Amino acid sequence: MSPSTAAILGLILLFVLMALRMPVSFAMILAGFLGNAYMISTDAAIYMLTTNVWGQLSSYGLSVIPLFVFMGQLAYHSGITERLYNAAYKWVGRLPGGLAGTTILSSAGFASICGSNSATSATMGTIALPEMKRYHYDPALSTGSVAIGGTLGVVIPPSVVLIIIAVQTEQSITQLFLASIVPGLFLTGLFLATVFIICLRNPSLGPPGPQTAMREKLISLTGAVEALILFLLVIGGLYAGWFTPTEAGAAGSFGALLIGLARRKLSKKEFVNAIAETIRISAMVVLLITGAVIFGRFLTVTRLPFELADWASSLNVPREAILLIVLLIYLIGGCLVDALGFLVVTIPIFYPLAKALGFDPIWYTVVITLVTTMGAVTPPVGVNVYIVSGLSPDIPIGTIFRGVSIFLIAYVICLALLIMFPQVALYLPGLLM
């Protein structure tokens with residue numbers, strides 16, 4: 001059997017295991033182990049398995065993940081999220097679809113201190129859904145705004161997904177964080193414009209809230225200042241060279257802890273819950289990276305990624321056409337399996353291809369992050385949609401998917417802008433680094 005055939009069979013085995021509901025990390029470990037055993041030897045595969053698992057679990061570089069996750073958990077349990085939502089409502093609640101716009105705006109604020117799409121959806125849904133139901137918002141709009149707002153948790157730094165890609169591809173976490181700021185803000189603006197336009201055309205979908213005096217608006221900003229301070233502490237500290245990424249996560253976590261203690265909102269029980277949730281999420285992410293390393297070693301041995309890159313480079317078609325095919329694969333894959341898992345699996349295949357075609361690695365990372373993030377809200381495996389469904393069991397799952405579909409055009413516009421004007425993502429890293 002040729003190495004390329006072995007690689008294809010390994011990929012088929014991987015997706016079969018995933019289809020059988022095996023966790024993505026374990027599926028990659030098993031398929032990678034069997035592939036390495038076939039291509040090299042069983043002893044080498046066992047040695048690789050033990051050394052890689054130990055190497056990943058003891059890696060200092062991965063310590064950045066639990067620290068950023070912990071910062072988001074402390075921010076949630078300290079009540080920063082509620083104060084952020086209240087501030088956003090005071091400023092945009094009076095507009096058509098004001099509560100839906102508030103949900104998206106506060107999701108963007110929470111994303112800047114969280115880094116997870118599922119955590120952002122769950123947190124904002126708990127606060128926003130009862131309010132929108134009380135004001136008789138259209139169920140599709142209310143649930144769709146929560147689910148789509150949660151996707152900002154992956155796009156806006158500090159994003160756990162960007163950290164994972166940086167670790168896999170040996171890129172600078174700081175540069176990736178800077179590159180995703182402008183696309184994240186632009187995407188947030190597109191979501192807000194979508195809400196405003198559809199509710200302006202049909203006010204019954206999202207009636208505006210009561211008028212708020214300027215004094216109340218200014219007072220409410222104290223709730224947003226806390227999140228802004230944490231964001232500036234982390235991103236500003238990284239840019240200024242005060243912190244390494246790991247130290248920035250520690251500084252952000254300590255800042256969130258101080259805010260919780262100063263506000264007297266962080267009880268012992270909530271602190272323990274924050275630690276437990278951080279351990280759960282971090283273990284999942286580290287296992288994903290471990291599985292990706294083992295499976296990536298198998299693909300490297302088969303040389304499939306390099307042969308694919310050579311083949312694509314020899315095609316007599318524009319490189320943009322190949323990029324669109326790759327993005328289509330990411331979009332379809334994100335719809336069928338867990339988006340993060342699919343991203344981790346395919347990085348060893350398509351990242352060398354993108355470099356061989358001459359695409360900027362930082363720009364390419366931001367683009368594929370946006371595409372795979374869409375998988376979190378598209379059927380049949382839209383994790384954000386199922387989280388929102390769990391928070392509002394009386395609303396059919398189809399209604400939530402319908403509500404999300406309204407916002408997908410915003411993703412298409414943002415991606416088109418990034419592809420036509422790469423400097424949207426590259427300007428800040430080039431300017432500040």
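1. The protein chain has 22 helices and 0 strands; both are DSSP runs, numbered from the N terminus, with helices taken as H or I of at least four residues and strands as E of at least two. This is a predicted model, in which local features need pLDDT of at least 70 and side-chain atom pairs count only at pLDDT 80 or more, while totals for chains, interfaces and linings use all residues. Residues are numbered from 1 along each chain as its sequence is written, and side-chain values use heavy atoms, with hydrogens and water left out.

2. Overall dimensions come next. The protein chain has a radius of gyration of 22 Å, which agrees with the value near 22 Å for a compact globule of 433 residues; the radius is taken over C-alpha atoms, and the globule rule is 2.2 Å times the number of residues to the power 0.38. Along the principal axes, the C-alpha atoms of the protein chain fill a box of roughly 70 × 45 × 45 Å.

3. Of the 433 residues of the protein chain, 55% count as buried (buried means under 20% relative accessible area, exposed over 50%, and partly exposed in between, with a 1.4 Å probe and protein chains only). Among contacts in the protein chain with a separation of 6 or more, 79% are between residues 24 or more positions apart; contact means heavy atoms within 4.5 Å.

4. The protein chain exposes about 18300 Å², of which carbon and sulfur atoms supply 69%. Accessible areas come from the Shrake-Rupley method with a 1.4 Å probe, and for residues only the protein chains shown count as cover.

5. Two helices may be compared with their expected spans, defined as 1.5 Å times one less than the number of residues. Helix 14 (residues 268–302) has 35 residues and reaches 52 Å from its first C-alpha to its last, close to the expected 51 Å. For helix 5 (residues 80–92), with 13 residues, the end C-alpha atoms are 18 Å apart, which agrees with the 18 Å it should span.

6. Helix 5 also contributes buried residues, including Ile-80, Leu-84, Tyr-85, Tyr-89 and Val-92. The buried residues of helix 5 pack against helix 4, helix 6 (98–111), helix 7 (117–134), helix 12 (214–240) and helix 13 (245–263).

7. Two serines have C-alpha pairings across the sequence. Ser-63, in the loop between helix 3 (42–57) and helix 4 (64–77), counts as partly exposed at 22% relative accessibility. Ser-63 and Gly-249 are 186 residues apart in sequence and 8.9 Å apart in space, C-alpha to C-alpha. Ser-118 is found in helix 7 and is partly exposed, with a relative accessible area of 27%. Leaving aside neighbours within four places in sequence, Ser-118 is in contact with Asn-384 and Ile-387. Its C-alpha lies 9.4 Å from that of Val-388, 270 residues away in sequence.

8. Most residues other than glycine have a negative phi, and most peptide bonds are trans. His-136, in the loop between helix 7 and helix 8 (139–150), has a positive phi of about 60° and counts as exposed at 66% relative accessibility. Glu-170 has a positive phi near 60°; this residue lies in the loop between helix 10 and helix 11 (173–201) and is exposed, with a relative accessible area of 75%. Finally, a cis peptide bond with omega of about 5° joins Pro-157 and Pro-158, and Pro-158 lies in the loop between helix 9 (152–155) and helix 10 (160–169).
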